Amino acid sequence: MKLRRLVAAAVVAVLAVTTSACGFEKKPEGPPVVRIGVGGLPLLVYLPTTLAQRLGYYADEGLDVRLQEFQSGAKALKGLQAGEVDVVSGFYDHAIQMQAQRKPVKAFVNMLRYPSLVLAVSPKTSRRITSIADLKGAKVGVTGPGSSTDFLLKYLLVRNGLHADDAVAQAIGGDMSAVEAMESGKVDAAVMIDPAFSLLQKRFGVDRVRVLSDTRTAAGVRAEFGVSTYPATVLYSGSDWVGGNPAVAGKLTRAIVRTLDWMRKHTAAEIAEKMPPEYAGGDFETYVQAIAHAKDAFSQDGAIPINGAEAVSGILRQFDAEIARISVVLEDTFTNEFVTQS
């Protein structure tokens with residue numbers, strides 16, 4: 001009797017293993033998890049990344065997207081390098097920077113065709129600053145060292161006859177911390193991003209916030225960079241990841257392109273209503289106005305134009321000696337293959 005029970009148990013065990021191996025009892029897998037690092041979720045330059053999630057477009061593509069916030073784009077890039085995230089919603093210029101460091105990353109969908117960064121003077125500074133040349137020796141806020149706000153500051157300094165390090169760059173983040181740094185006089189000026197910049201103007205008045213450079217419009221981009229489009233916010237990842245996960249990259253691209261299309265067809269107020277309430281910084285009206293001002297800056301189709309990529313590379317070369325020393329193969333820093341498929 002005991003022997004029969006042992007034999008029966010053995011048969012059951014064998015059948016369990018066999019059926020499991022054949023897939024009969026295999027549990028269904030969930031959707032692929034994609035971790036996206038963002039250098040400041042409330043910032044309008046990254047709005048489509050969050051909006052795609054709020055509209056359910058990632059889920060429609062069968063993806064479980066998890067957004068992780070970092071203080072700046074540079075820190076989001078470090079998160080990618082450390083394996084903390086799979087993809088970054090950040091500025092395209094990092095793809096060129098990484099190629100110069102032989103740590104290739106590739107952008108695969110574009111969200112912003114104007115950088116939408118504003119260099120402004122603090123209403124509380126004790127320095128007399130009427131031009132970029134007056135920033136020599138001044139404390140200037142950027143989201144973080146090595147971020148795109150830091151890159152813009154260095155470029156503007158060099159373009160106006162100064163050295164890239166003639167101003168003292170200070171990390172102040174990009175959201176309410178940037179507003180607080182400007183209204184307290186902690187910095188003399190800052191490279192700001194909406195909605196933070198618009199909130200600062202609301203608090204002090206437009207006339208009391210001197211603007212030294214504004215790249216939120218086509219006219220501003222032409223004035224500073226001499227081009228009509230300048231690819232800014234993109235989704236990028238390591239070149240190996242993009243090449244090894246074309247299906248996932250394609251799904252992310254479709255979600256973003258759908259989001260850009262949705263944004264074109266809806267008002268700023270409708271867009272604002274879809275976003276997390278806390279992103280408005282306690283002033284929904286100003287948040288709506290900032291989105292309305294920014295709408296034209298978003299990409300029309302998600303593609304990265306080669307002439308725009310060339311402009312970014314040329315500008316980085318002016319103040320980054322590491323990039324200036326090498327021959328950047330721009331075709332290795334981005335791809336439009338997934339945009340054309342969407």
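At what angle do helix α7 (residues 176-184) and helix α8 (residues 196-204) pack, and how far apart are their axes? In this predicted model, the two helices meet at about 40°, and 9 Å separates their axes. Because angles under 35 degrees count as roughly parallel and 65 to 115 as roughly perpendicular, α7 and α8 are therefore described as oblique to each other. The crossing of α7 past α8 is right-handed. On the α7 side, the contact is built from Met176, Val179, Met182 and Glu183, while α8 contributes Ala196, Leu199, Leu200, Arg203 and Phe204. Sorted by class, this contact holds seven nonpolar and two charged residues, with no polar ones.

Turning to the strands, an open sheet is formed by five of them, arranged in the order β2-β1-β3-β10-β4 with mixed pairing. The edges are taken by β2 (64-69) and β4 (105-110); each has a single partner strand, so one side of each lacks a neighbour in the sheet. On average, and ignoring direction, neighbouring strands are turned by 30° against each other.

Within the sheet, strand β1 (residues 33-38) and strand β3 (residues 87-91) run parallel and are joined by three bridges. A handy place to look is Val38, which stands opposite Ser89 in β3. The sheet also carries a helix: α11 (residues 246-264) packs on it and touches β1, β2, β3, β4 and β10 (233-238).

Technical notes
Residues are numbered from 1 along each chain as its sequence is written. This is a predicted model: local features need pLDDT of at least 70, side-chain atom pairs count only at pLDDT 80 or more; totals for chains, interfaces and linings use all residues. Side-chain values use heavy atoms; hydrogens and water are left out. Axes are lines fitted to C-alpha atoms, for helices over the stretch in contact, and angles run from 0 to 180 degrees between N-to-C directions. Helices (H or I, at least four residues) and strands (E, at least two) are DSSP runs, numbered from the N terminus. Angles under 35 degrees count as roughly parallel, over 145 as roughly antiparallel, 65 to 115 as roughly perpendicular and the rest as oblique. A crossing is left-handed if the near helix is turned anticlockwise from the far one by less than a right angle, and right-handed if clockwise. Contact means heavy atoms within 4.5 Å. Ala, Val, Leu, Ile, Met, Phe, Trp, Tyr, Cys and Pro count as nonpolar, Asp, Glu, Lys and Arg as charged, and the others, Gly among them, as polar. Two strands pair if DSSP finds at least two bridges between them.
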